[in-house]
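Please prepare a short briefing on the structure shown below, with the points grouped by topic.

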Amino acid sequence: MILPATLLPAVFFYLFAGMCVACAFMVIAGRNTVHSVLYLILAFVNAAGLFVLLGAEFLAMILIVVYVGAVAVLFLFVVMMLDVDFAELRQGVLQYLPVGVLVGVIFLAELLMVVGAWVIAPGMPQSISAPTPTTISNTEALGRVLYTQYVYYFQAAGLVLLVAMIGAIVLTLRHKPKVKRQNIADQVARTKETAMDVRQVKSGQGL
Amino acid sequence: MLEFWTSYLWPLIVIVAQSLLLLVILLVSIAYVLLADRKIWAAVQLRRGPNVVGPWGLLQSFADLLKFVFKEPVIPAGSNKGVFLLAPLVTCTLALGAWAVIPVNAGWMIADINVGVLYIFAISSLMVYGIIMAGWASNSKYAFLSAVRSAAQMVSYEVSIGFVIITVLLCAGTLKLSGIVAAQDTRFGMFGWYWLPLLPMFVIFYVSALAETNRPPFDLVEAETELVAGFMVEYGSSPYMMFMLGEYVAIATMCAMGTILFLGGWLPPFPVAPFTWVPGVIWFVLKALFMFFLFAMAKAVVPRYRYDQLMRLGWKVFLPISLAMVVIVAAVLQFGGLAPKG
């Protein structure tokens, strides 16, 4: 029995890819929105598995840390807190169907173009993507490209995120004049003299 | 057939055997870590702690285990059954999974992956799901409030832990856990480990690790005076035990991380004769136990934080300090000519 060396990666690829597609389907098919988000998380984890198979372990871990560990937690929060009426949500399905189909068709066409380019011109992917040097780990390779060749784009992306963050703060910050606020410095600076007032209370007289 | 044996079956058997060995050792150690936790706590309060089962109470954890396993698991009627039962499994599996990459001695780990630190970080960021799922699926107010608190707490302190890890990575120049330990192997012995040059970060790491594992004084998730038992309030028997196990394994992971990042992993305190005779794994265990002793003492002597104080500490104290430290460390390494050669 002779097994090709690609057997094990192939098995894992189909496992991760199949799970990913199945979970993605359950995200839109699930009746309970919290279950949908949990399936979305599983889909992310499977996608991370696919990244590991591609040899992009840094991307895989970042996908889990950022998307699963932070973004999906916020999703889950919102979905758990909101009181979603499922029956009402389902009524509008037919109305949005044409738009959904259009988006789906565009995605399909783009995917076919990518796969088509790959089949028709096998040399093309090599010309676009620089292969990872074998002497250094892919984290280091990514760092070298990101901080040398693309450093301005990287900084620009950071700036965009900063603007988004400041925008969110500006939109949600409300100054309520009547709310009492804590001043930590004041609290820490309190001493026995400022905080306590010791008095001798005479019996029968009070203060 | 021979090829199939040498290239697939034999490596599979080896890795399964290694994993089982690691799991058994880890679980037995956790049983005694739990006992140590209770004993230290008791000693601080001038009590004896568990002392009935076995000599000096040494078998207490196993008695507890049997009690949990033989009890009837109760699933609340209004709960979401699947998610309710999945939550403890998720917590326990993730916590144990982190140990696959932790090197307890030179070359002693299941997998020495290139992104070991990130893997542990990713696993610890996933740990929050066990708690959120439990809180939501229990269909109980206390459990849900606790889940909300916990999620906010863990996400907040992950930020500062992330920055602490980044400073260590800057100094070590590698994401491999074994590489980080190797980078601390200098002729200064224990004074070359990162706890001394990065002392503020070590303190931040320790406090954030307490918050990340929901240990006192940051155990607001399980604050019994306000939330009964928090997200575990509806759980009993084996599912409860799995939460408890997951929590203690996560604590052990954090101790191991502290050991690797700041205390030189398996390195002896001084690179001279009598210290170098002792096997590395013993140094590793001793250092991890020291970290755990710090955890246990914090539980015994520090009163619980208020929730807003917790959030303030995370976002307004630790985040600016750790951000500044990342910049300072990077600048010192770059302009002091100390940067690791990549």
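At 31% relative accessibility, B:R304 counts as partly exposed, where buried means under 20% relative accessible area, exposed over 50%, and partly exposed in between (1.4 Å probe, protein chains only). This is a predicted model, in which local features need pLDDT of at least 70 and side-chain atom pairs count only at pLDDT 80 or more, whereas totals for chains, interfaces and linings use all residues. Residues are numbered from 1 along each chain as its sequence is written, chains are lettered from A and ligands numbered from 1 in the order in which they are written, and side-chain values use heavy atoms, with hydrogens and water left out.

**Salt bridges in chain B**

- B:R304 forms a salt bridge with B:D219, with the closest N and O atoms 2.8 Å apart; a salt bridge is a side-chain nitrogen of Lys or Arg within 4 Å of a carboxyl oxygen of Asp or Glu.
- Because B:R304 lies in the loop between α11 (280-301) and α12 (307-335) of chain B and B:D219 in the loop between α7 and α8 of chain B, the pair ties together parts that are 85 residues apart in sequence; helices (H or I, at least four residues) and strands (E, at least two) are DSSP runs, numbered from the N terminus.
- B:D219, at 10% relative accessibility, counts as buried.
- The structure holds 8 salt bridges over all chains, and one of them joins B:D37 to B:R215, with the closest N and O atoms 3.0 Å apart.
- That pair links distant parts of the chain, with B:D37 in helix α1 (residues 2-44) of chain B and B:R215 in the loop between α7 (199-212) and α8 (224-227) of chain B, 178 residues apart.
- B:D37 is buried at a relative accessible area of 1%, and B:R215 is buried at 4%.
- The side chains of B:R306 and B:D308 also meet in a salt bridge, at 2.8 Å from N to O; B:R306 is partly exposed at 41% relative accessibility, and B:D308 is partly exposed at 36%.
- Salt bridges that share partners join B:D37, B:R215 and B:K299 into one network.

**Architecture of chain A**

- Chain A has 10 helices and 0 strands, and 17% of its 207 residues count as buried.
- Chain A is divided into domain 1 (9-86) and domain 2 (134-175), with bounds that come from an automatic or database domain assignment; the C-alpha centres of these two domains lie 23 Å apart.
- A:A72 lies in helix α3 (residues 57-81) of chain A and, at 1% relative accessibility, counts as buried.

**Surface patches**

- A nonpolar surface patch of about 1,200 Å² has among its residues A:L8, A:F12, A:Y39 and A:I28; patches are made of residues with over 30% relative accessible area and no salt bridge, with like charges joined within 9 Å and nonpolar side chains (Val, Leu, Ile, Met, Phe, Trp, Tyr) within 5 Å.
- Helices α1 (7-29) and α2 (33-54) of chain A each supply at least two residues of the nonpolar patch, and the largest share, 9 residues, comes from α1(A).
- A:I28 is found in helix α1 of chain A and is exposed, with a relative accessible area of 70%.
- A positive surface patch is formed by A:R174, A:K176, A:R181, B:R312 and B:K316; Lys and Arg count as positive and Asp and Glu as negative, while His and the chain ends are not counted.
- A:K176 is placed in the loop between α8 (151-172) and α9 (184-188) of chain A, and at 56% relative accessibility A:K176 counts as exposed.

Conventions:
Accessible areas come from the Shrake-Rupley method with a 1.4 Å probe; for residues, only the protein chains shown count as cover. The place of a charge is taken as NZ of Lys, CZ of Arg, CG of Asp or CD of Glu.
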